[in-house]
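Subject: Structure handover

Hello,

Here is the structure for your files. My notes come after it.

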Amino acid sequence: MSGFRVILDACVLVPITKADLLLQLANRRAFHPLWSPRILDEVTQAIPSATKGRVTDERAQMRVQMMNNAFEDALVDDRHGLEQHITGPPDSNDRHVVAAAIHGRAAAIVTDNIKDFPEAALIAMSEQRKNPPETVDGLLRSLSRAGLPDFTNEVWSALET
């Protein structure tokens, strides 16, 4: 597996085409996929309604089991209660994704849910960096150097408007 560890959020694992693409890339070692039990619970619960009942609960559970079987070391758990200490995401229901990313030492989170990772969360990240202090601009430069130039360009564009 690639050393580039990535949390796959439930919203990118529910649509079969998107999930298949991401898992094929992971299978070809483009990145090391990670998910948590809670992410997988969200996937299992969302698939039947997203498919308007064409995929049953049992089939959704089977799909999740097959993912776990294919990527045996993808499952990360927040046994130490890190989630309760996560601040920044406006929707507290998304803190578990950040906690899983930290626990799994992920370099990125793949999600379609960008509304819950807004400028305010980024500013909160910069404010928490006290030693040495970090500005939002400095944090964005660090993220760009860490391999996220497209993401940081989008954030800079959003901050300018």
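Below is what was found in the structure.

This is a predicted model, in which local features need pLDDT of at least 70, side-chain atom pairs count only at pLDDT 80 or more, and totals for chains, interfaces and linings use all residues. Residues are numbered from 1 along each chain as its sequence is written, and side-chain values use heavy atoms, with hydrogens and water left out.

Fold. The protein chain has 8 helices and 3 strands (DSSP runs numbered from the N terminus: H or I of at least four residues for helices, E of at least two for strands). From the N terminus, the order is β-α-α-β-α-α-α-β-α-α-α. Of its 161 residues, 37% are buried (under 20% relative accessible area, 1.4 Å probe, protein chains only).

Cores. A nonpolar core here is a set of buried Ala, Val, Leu, Ile, Met, Phe, Trp, Tyr and Cys residues joined through side-chain atoms within 4.5 Å. The largest has 28 residues, and I7, L8, L13, W35, I39 and V43 have the most contacts inside it. Elements giving two or more residues to this core include strand 1 (5-8), helix 3 (37-50) and helix 5 (95-103). Another core, of 5 residues, lies apart from it and includes V136, L139, L140 and L143.

L8. Beyond its neighbours within four places in sequence, L8 is in contact (heavy atoms within 4.5 Å) with residues including L22, F31, W35 and V110.

Regards

Conventions. Buried < 20%, exposed > 50% of the residue type's maximum accessible area, 1.4 Å probe, protein only.
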